[in-house]
Number of protein chains: 2
Amino acid sequence: MTAMDYSPAAWAETEGPCLRGFDEPGEIASINGALALRPQIEHMVDQLWDQGFDRIFFMGIGGTYASAMQAEVYMRGRSALDTYAGNAAEYLTTGCRRLTDRSVVIYSSVSGNTKEIVSMVEKVKSQGARVVAFVDTPGSLLAQPGKWDHLVQYPKNEQLKFYMVANYLMYKNGEFPEYEAYNQEMEAGLAQGLANIEKISDRWAWSYAKAKAAFLKDHPDLPHYFIGGGNQWGATYSYAMCYWEEQMWIRTKSISCPEFFHGMQEIITADTPVTLFMGEDEQRPLAERVARFLPKVCGNYTVIDTKELPMAGISPQFRGSISHLMMHAVNNRVDAYLEHFLRHPLSIRRYYRQFDY
Amino acid sequence: MTAMDYSPAAWAETEGPCLRGFDEPGEIASINGALALRPQIEHMVDQLWDQGFDRIFFMGIGGTYASAMQAEVYMRGRSALDTYAGNAAEYLTTGCRRLTDRSVVIYSSVSGNTKEIVSMVEKVKSQGARVVAFVDTPGSLLAQPGKWDHLVQYPKNEQLKFYMVANYLMYKNGEFPEYEAYNQEMEAGLAQGLANIEKISDRWAWSYAKAKAAFLKDHPDLPHYFIGGGNQWGATYSYAMCYWEEQMWIRTKSISCPEFFHGMQEIITADTPVTLFMGEDEQRPLAERVARFLPKVCGNYTVIDTKELPMAGISPQFRGSISHLMMHAVNNRVDAYLEHFLRHPLSIRRYYRQFDY
């Protein structure tokens, strides 16, 4: 190491956008690696299909519960398959009579040892349901034999993996005739398209993060309000909770676009900080209603609209299915600069896994 | 009117708890009137049962969506019937392939003209599903012929009405053998029991509201955090949103007990105002975990535990099914005093139904 590594200059406020922490080849390889799981996922779903099932449960806790909600809302309007988003801790206490020995439970875990997920898997297996496990960490508890019926070990990209399962299920059920064309476009363009979004939103993200960090210094108590609907709701919920609250210790509130108009709207005034996530799925009109309302009562709002972002090679009708990933690409840039401006390493936790509770 | 009505003394801070705005005979009559709907509800469910159905959707928006979530979580662990909680605006945009011409949609509306509900009913009817309408306001749009297959007109008690439908559905499905004993207890003791809770919690509620109003003056930006699980989750979500945000313009954030540990916990410090709603259904252990955690990191938390409240004549095993109503009785008292201490009439709105958006 050189003296430079310790110099204040190395951590001084960047003079401008610098793609901080952006590993383009790494991110492209990560997404293409996830997309390359398709034969494995299809083979797995073929087996589940041949055995038959009554219902599909995307199950999670915290951020993975948000991803489960995204998969459910994606299939809700498209598929006649009985699909649920389940919360692991709720399942452990309330249970679910509709989850039977003919059901399929799909989950994803980064650590491979999340408390609620480990217990959920045990209970689900004891009830005879089949378990599809996406586990990021090889050798972890949840990757052990006996803990799953189908195991996919590959890091990150949980939302994409769930959608890949959903897409093939709908294809099998005759609900996705464009499946092959869809995958050709994704496999050719998704990874580079998302990397491009990080690059072109870097300048904006730097400004947004700088402004937010300054505002936070003056208003440490004030929560930041995030609003989103459709597959942006899972993105909104988990971004507010898992990134700003958990990783940055910033107060937030998230609300879905339709629910915003039934209570929360009343506490928005001229200076309230609000960010609206607009995607391109069927619930976009609900976000547009929020976008029309906000300027009338608030002068401190931001709209991030994926429709303004390019995705070369992706047909317009497919953009809705990935607009939460496009939003994630923008937010990656915001996080990189907030970490810097707040001088708050995203990896530290006050309480989580720090002591028993 | 006398001069007294205009004197500052008439609106001066009450010197102590005074059961402000409490109409005991009125509240008892309201609940007993709802319970007396049972023959009508049973007759209606008998007809639906004889016709057959594939799925049941409790559908709502805002506060009624919260009640739908309560009905769904109540049945989730008890009933094999396919039951969903649906959001009307999401249904209007995303749709739901699982909602068919053999489905039953149950909703409740106070005004009888809520925008999203009116459109949802039209769409549901056009798809051939049957509509069970609980409408508070006679003569309103949603009470018109052609808008429903079954109409129950009776004011308030939406959560109770939904549970009465759920209870009889589960009875019909062989999942509630104690149905008659349960109803005998409720019809004999629920109304007076809830009125008693208002009376015995009045003193505590006065102190809580006084302290909260004072804290709010010093910390107007800081949100109040509400946490609850099981059928308290709907109560927590709607209490924070429909009462504190909408009716009092106080910042809040609500989170479910299990999700609290996956992000939001990190922004709780010694002075953060938190209220935990503890009920007595199957998810009570999830609230107990929050109750064990909070004192370690926070000195400004309140736990409202329905277990500490009496309900004469109600068997212990039935209390979980009404603990959200018990919590509501406590919160009625809090609202009555907050309205006073904040000098904020609960009926006023900044934006809702004030202009088009």
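This is a predicted model: local features need pLDDT of at least 70, side-chain atom pairs count only at pLDDT 80 or more; totals for chains, interfaces and linings use all residues.
Chain A is superposed on chain B by a rotation of 180° with 0.0 Å of shift along its axis, at an RMSD of 0.0 Å. This is the relation of a two-fold axis. The copies meet through the same surface, because 100% of the interface residues of chain A are also interface residues in chain B.

Over all chains, a search of the whole structure finds 50 salt bridges. One of the pairs is K253(A) with E245(B), whose closest N and O atoms are 3.0 Å apart. Since K253(A) belongs to strand β7 (residues 252–256) of chain A and E245(B) to helix α8 (residues 231–245) of chain B, this pair joins two chains. K253(A) is buried, with a relative accessible area of 4%, and E245(B) is likewise buried, at 0%.

Other pairs lie within chain A. K161(A) and D136(A) form a salt bridge with their closest N and O atoms 3.4 Å apart. K161(A) sits in helix α7 (residues 158–172) and D136(A) in the loop between β4 (130–135) and β5 (150–153), so the pair ties together parts that are 25 residues apart in sequence. Both residues, K161(A) and D136(A), are buried.

In a further salt bridge, D305(A) meets R284(A), with 2.9 Å between the closest N and O atoms. Here strand β9 (residues 301–305), holding D305(A), is tied to helix α11 (residues 284–297), holding R284(A), and the parts are 21 residues apart in sequence. D305(A) and R284(A) are both buried.

Key: Residues are numbered from 1 along each chain as its sequence is written. Chains are lettered from A and ligands numbered from 1 in the order in which they are written. Side-chain values use heavy atoms; hydrogens and water are left out. Copies are superposed by least squares on the C-alpha atoms of residues with pLDDT of at least 70 in both. Contact means heavy atoms within 4.5 Å. A salt bridge is a side-chain nitrogen of Lys or Arg within 4 Å of a carboxyl oxygen of Asp or Glu. Helices (H or I, at least four residues) and strands (E, at least two) are DSSP runs, numbered from the N terminus. Buried means under 20% relative accessible area, exposed over 50%, partly exposed in between (1.4 Å probe, protein chains only).
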